Amino acid sequence: MMVSAHAISDPPDRRPLDLSPLRLLVVDDNRHMRELVTAILNALEMTRIRPAPDGAEAIHELRAHEIDLVITDWLMDPVCGIELVRWIRTSAESPDPFMPVIMISSYTTPDRVVEARGAGINEFLVKPLSPRSLYQRIANLVERPRPFVRSKDYFGPCRRDDDGAGYGGPERRGPTEPAPRQARRGAA
Amino acid sequence: MTRRRPGTRADAAAAANDVVRLFPPRSLRARVGPGKGLNPRLLANAEATVAALQAAYEQRIENDISTLSSKFDSMRRSGRFDHQQLYLIAHEIKGEGGSYDYPLLSAFGHTLCLLVRRRNRLTAEEVETIEAHIAAMRAVIRGQVRGEGGAVGRELAANLDAMVVRALDETPAPSHLKAP
């Protein structure tokens with residue numbers, strides 16, 4: 001078994017992140033884009049990757065396999081990336097409504113980003129895809145996970161840039177509590 | 001974790017709106033273990049991987065454009081227009097151009113998709129517009145016109161946009177260079 005130089009010389013708290021244990025689902029209807037994303041992830045030593053050519057196939061994969069993180073395109077048929085995220089967040093059949101999701105898209109207009117965030121994505125990545133940006137987004141999900149918010153019309157990661165953790169004033173959004181089982185299934 | 005004393009006015013408002021903050025029961029940190037920040041060695045690996053794929057992409061996309069051109073010629077000769085075949089190739093071109101620093105190819109692929117989808121017959125103007133797209137794609141890849149291509153690239157994109165608008169009598173998606 002190969003051991004990296006970091007593993008030998010650095011104490012655990014000073015080593016870079018080792019993302020190799022992550023199990024990923026890469027969803028894109030363009031085969032070459034799936035291959036590009038997979039090649040980048042492999043170079044970053046993430047090799048537990050399942051591909052899916054559209055949202056419908058992704059749902060099948062999520063039901064059949066343990067997945068830690070979804071990386072998805074937006075525009076796909078028959079189930080697009082936004083519909084996939086909504087299914088993950090709100091379907092009673094979703095294996096994990098808290099599943100981290102990174103959306104990759106060429107859409108850059110603010111209304112599109114707002115739409116994606118409204119569906120419940122964790123991170124939005126604009127094409128062209130760069131290894132650094134993808135790596136950084138995954139690291140963000142590990143190092144700075146956002147709390148989730150459940151309201152009558154939204155369930156997903158807190159959409160504030162500052163998630164409010166440092167604010168304790170009277171306008172602070174509602175109480176934080178451990179996730180009840182029912183919130184994980186079919187939440188609003 | 002509740003950060004305020006319960007029973008305050010804000011609590012009552014939050015309860016009325018039924019807004020609750022939750023922490024995911026599983027964390028990626030638990031799966032990944034200790035460690036902090038990016039690994040520069042792995043990042044360099046990944047950047048070298050993409051650079052190696054770039055050359056392969058340029059060769060492959062040139063082949064795709066040739067396939068698009070020959071299929072379109074064949075359809076014109078036979079008089080049988082198969083929009084699905086052209087759409088699939090245009091969609092592939094659209095999907096990855098930007099990631100290899102060829103956003104113009106993505107933009108041209110996008111407007112070509114708009115033009116050919118759900119069409120089984122073409123007007124002379126539409127034929128001309130498809131030919132213009134193919135010629136523009138060839139020019140971009142042969143000239144290795146990366147990025148938005150400066151003033152020439154913008155003019156080319158605007159001309160194709162205008163041709164598609166005329167052909168479709170509708171406006172294509174929000175911005176030519178921001179195709180999904």
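**Close-up 1. B:Gln144 sits in the loop between helix H6 (124–142) and helix H7 (150–168) of chain B.** In this predicted model, local features need pLDDT of at least 70, side-chain atom pairs count only at pLDDT 80 or more, and totals for chains, interfaces and linings use all residues, while side-chain values use heavy atoms, with hydrogens and water left out. Residues are numbered from 1 along each chain as its sequence is written, and chains are lettered from A, with ligands numbered from 1, in the order in which they are written. Helices (H or I, at least four residues) and strands (E, at least two) are DSSP runs, numbered from the N terminus. B:Gln144 is partly exposed, with a relative accessible area of 42% (buried means under 20% relative accessible area, exposed over 50%, partly exposed in between, with a 1.4 Å probe and protein chains only).

**Close-up 2. A:Glu45 is a loop residue of chain A, placed between helix H2 (31–43) and strand S2 (48–52).** Phi of A:Glu45 is near 70°, which is a positive value in a residue other than glycine. With 35% relative accessibility, A:Glu45 counts as partly exposed.

**Close-up 3. A:Val126 belongs to strand S5 (residues 123–126) of chain A.** Look for A:Ser105 in this view: A:Val126 and A:Ser105 are 21 residues apart in sequence, yet 5.2 Å apart in space, C-alpha to C-alpha. A:Val126 has a relative accessible area of 34% and is partly exposed. For the setting, chain A has 7 helices and 8 strands, and 54% of its 188 residues count as buried.

**Close-up 4. Helix H4 (residues 83–97) of chain B crosses H5(B) at roughly 155°, and their axes come within 7 Å.** That angle makes H4(B) roughly antiparallel to H5(B) (angles under 35 degrees count as roughly parallel, over 145 as roughly antiparallel, 65 to 115 as roughly perpendicular and the rest as oblique). Axes are lines fitted to C-alpha atoms, for helices over the stretch in contact, and angles run from 0 to 180 degrees between N-to-C directions. The residues of H4(B) that meet H5(B) include B:Leu86, B:Tyr87 and B:Ala90, and among their partners in H5(B) are B:Leu105, B:Gly109 and B:Leu112 (contact means heavy atoms within 4.5 Å). By class, this contact of H4(B) with H5(B) has 9 nonpolar, 6 polar and 2 charged residues (Ala, Val, Leu, Ile, Met, Phe, Trp, Tyr, Cys and Pro count as nonpolar, Asp, Glu, Lys and Arg as charged, and the others, Gly among them, as polar).

**Close-up 5. Helix H5 of chain B is largely enclosed by the rest of the structure, so 14 of its 14 residues are buried.**

**Close-up 6. Helix H6 (residues 131–143) of chain A packs with helix H3 (residues 40–78) of chain B at an angle of about 140°, with the axes 9 Å apart.** That makes H6(A) oblique to H3(B). A:Pro131, A:Arg132 and A:Tyr135 in H6(A) meet residues of H3(B) including B:Leu42, B:Ala46 and B:Glu47. This contact of H6(A) with H3(B) divides into 6 nonpolar, no polar and 2 charged residues.
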